[in-house]
Amino acid sequence: APSLNYVFLGNPGTGKTTVARLFAEILCDTGLRKKKTFQEISSCSELKEKGVDEFKKQVAAAMDGVLFIDEAYTLDPVGDKFKGA
């Protein structure tokens with residue numbers, strides 16, 4: 001299967017999440033994804049606190065759909081570690 005990793009860049013409030021949701025539907029409608037699942041992680045700081053096991057749960061929930069990580073750059077800022085990694 002092809003790798004379908006995308007980054008949506010833009011200022012706050014410009015509709016990146018909305019576009020990602022619509023794009024997820026297109027991926028499903030065209031058969032590139034099996035489900036219309038759109039698993040959203042909106043609090044990377046909370047995810048970092050909960051650790052790797054929580055991240056694995058989120059990935060499992062998104063399987064065959066889309067995992068959307070809002071502000072993913074905050075997952076690994078300089079000098080920070082992801083718990084359990």
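**The surface patch and its setting**

Tyr6, Phe8 and Val19 form a nonpolar patch on the surface. Together they have about 270 Å² of accessible area. Patches are made of residues with over 30% relative accessible area and no salt bridge; like charges are joined within 9 Å, nonpolar side chains (Val, Leu, Ile, Met, Phe, Trp, Tyr) within 5 Å. A salt bridge is a side-chain nitrogen of Lys or Arg within 4 Å of a carboxyl oxygen of Asp or Glu. Accessible areas come from the Shrake-Rupley method with a 1.4 Å probe, and for residues only the protein chains shown count as cover.

A word on the source: this is a predicted model, where local features need pLDDT of at least 70, side-chain atom pairs count only at pLDDT 80 or more, and totals for chains, interfaces and linings use all residues. Residues are numbered from 1 along each chain as its sequence is written, and side-chain values use heavy atoms, leaving out hydrogens and water.

Tyr6 is in the segment before α1 (16-29). Tyr6 counts as partly exposed because its relative accessibility is 49%. The cut-offs are under 20% relative accessible area for buried and over 50% for exposed, with partly exposed in between (1.4 Å probe, protein chains only).

Now the whole chain. The protein has three helices and two strands. From the N terminus on, they run α-β-α-α-β. Helices (H or I, at least four residues) and strands (E, at least two) are DSSP runs, numbered from the N terminus. The accessible surface of the protein comes to about 6,200 Å². Of that surface, 54% belongs to carbon and sulfur atoms. Buried residues make up 22% of the 85 residues.

Next, the inside. In soluble globular proteins, nonpolar side chains tend to be buried together. Here the largest nonpolar core has six residues: Ala20, Ala24, Leu27, Phe38, Val66 and Phe68. Both α1 and β2 (66-69) give two or more residues to this core. α1 gives the most, with three. A nonpolar core is a set of buried Ala, Val, Leu, Ile, Met, Phe, Trp, Tyr and Cys residues joined through side-chain atoms within 4.5 Å.

Phe68 is one of the core residues. Leaving aside neighbours within four places in sequence, Phe68 is in contact (heavy atoms within 4.5 Å) with Thr17, Ala20, Phe38, Gln39, Glu40 and Ile41. Across the protein, among contacts between residues at least 6 apart in sequence, 60% join residues at least 24 apart.
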